[in-house]
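Here are a few exercises to work through with the model open beside you. Try each one before reading its solution.

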Amino acid sequence: MSLDIEQAPNYGTIPAGEIIIEDFDLLQSSKPGYGTRSIFEVSLNIVNATVGSGVIGLPFALFLSGFTLGIAISIFVGLLTFAAVYSLILTGQKSQTFNFASLAEVAMGRFGYHMLNFMLFIQSAGSVISYFILVADTIPVLLGLYFPRYPLLADRTIVTAVVSIFVMLPLNLFRSIGALAKWSAFSVLLLPIMILSVLIRAPAYAPDHEAPIFRLGKDPIAAA
């Protein structure tokens with residue numbers, strides 16, 4: 001399916017010619033109105049991006065801060081995030097700039113543009129590293145437990161390389177994050193299973209650990 005350029009004169013970053021259906025999500029990044037994803041699918045992508053690798057370190061953060069203070073810090077950070085995203089949306093609407101990096105350039109010039117890209121690179125690299133650590137610490141252990149006859153399946157290096165090449169790499173080849181909506185739905189649906197698993201198994205481990213609710217943690221500043 002294609003769309004003639006006369007029907008859509010404002011076609012974002014795609015060169016003149018015909019716009020194919022696969023380009024619509026890419027166009028959406030610079031010119032609203034071309035997105036093919038529903039609000040529900042976009043919401044799933046946002047949830048999946050927000051509830052990401054940070055969940056891995058959340059228990060340790062609560063341990064460092066203390067349970068009550070950790071919850072309070074989480075609520076405070078959530079409010080700050082809401083205010084920041086809301087301001088970002090309003091600024092984009094008023095300036096008619098719908099690309100994150102371009103919006104940073106509007107606000108702070110070329111310095112803001114390059115600084116934002118650098119910060120996003122560092123943040124994304126850290127997330128990817130944490131995912132690799134998670135894969136290496138869990139999947140080989142499970143495969144070695146259920147398939148003891150195949151020692152290669154318990155090899156951290158081999159399993160991490162296979163998952164990286166055949167799972168992570170293909171998911172990063174899409175031209176737009178909108179194409180990941182179905183995978184985001186699958187990921188979000190796994191969250192209740194994880195929560196239920198923790199709730200079911202936690203009482204069995206609770207007697208072996210001391211975790212006072214109102215005690216201040218060892219290092220609240222590091223947790224924040």
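Buried means under 20% relative accessible area, exposed means over 50%, and partly exposed is in between (1.4 Å probe, protein chains only). This is a predicted model, where local features need pLDDT of at least 70, side-chain atom pairs count only at pLDDT 80 or more, and totals for chains, interfaces and linings use all residues. Residues are numbered from 1 along each chain as its sequence is written, and side-chain values use heavy atoms, with hydrogens and water left out.

**Exercise 1. Work out how far apart the ends of helix α5 are, and where the kink sits.**

Step one: helices are DSSP runs (H or I, at least four residues), numbered from the N terminus. Helix α5 covers residues 100-146, which makes 47 residues.

Step two: the expected span is 1.5 Å times one less than the number of residues. A straight helix would reach 69 Å, but the end C-alpha atoms of α5 are only 45 Å apart.

Step three: look for a bend, taken as the angle between axes fitted to the seven residues ending at a residue and the seven starting there. You'll find a kink of about 145° in α5, centred on Met108.

**Exercise 2. Find the salt bridges and say how exposed their partners are.**

Step one: apply the rule, a side-chain nitrogen of Lys or Arg within 4 Å of a carboxyl oxygen of Asp or Glu. That gives 2 salt bridges.

Step two: take Arg110 and Glu105, whose side chains meet at 3.0 Å, N to O. Arg110 is partly exposed at 46%, and Glu105 is partly exposed too, at 28%.

Step three: go on to Asp137 and Arg156, with their closest N and O atoms 2.6 Å apart. Asp137 belongs to α5 and Arg156 to α6, so this pair ties together parts 19 residues apart in sequence. Relative accessible area is 42% for Asp137 and 44% for Arg156.

**Exercise 3. Track down the aromatic pairs and classify them.**

Step one: Phe, Tyr and Trp rings (for Trp, the six-membered one) pair if their centres lie within 6.5 Å; planes under 30 degrees apart are stacked, over 60 edge-to-face, and the rest tilted. The whole structure holds 2 aromatic pairs.

Step two: the ring centres of Phe60 and Phe63 are 6.3 Å apart with planes at 25°, so they're stacked. Both sit in helix α3, 3 residues apart.

Step three: Phe82 and Tyr86 are stacked as well, at 6.1 Å centre to centre and 10° between planes. This pair lies in helix α4, 4 residues apart, about one turn.

How values were computed: Helix = DSSP H or I, 4+ residues; strand = E, 2+ residues; numbered from the N terminus.
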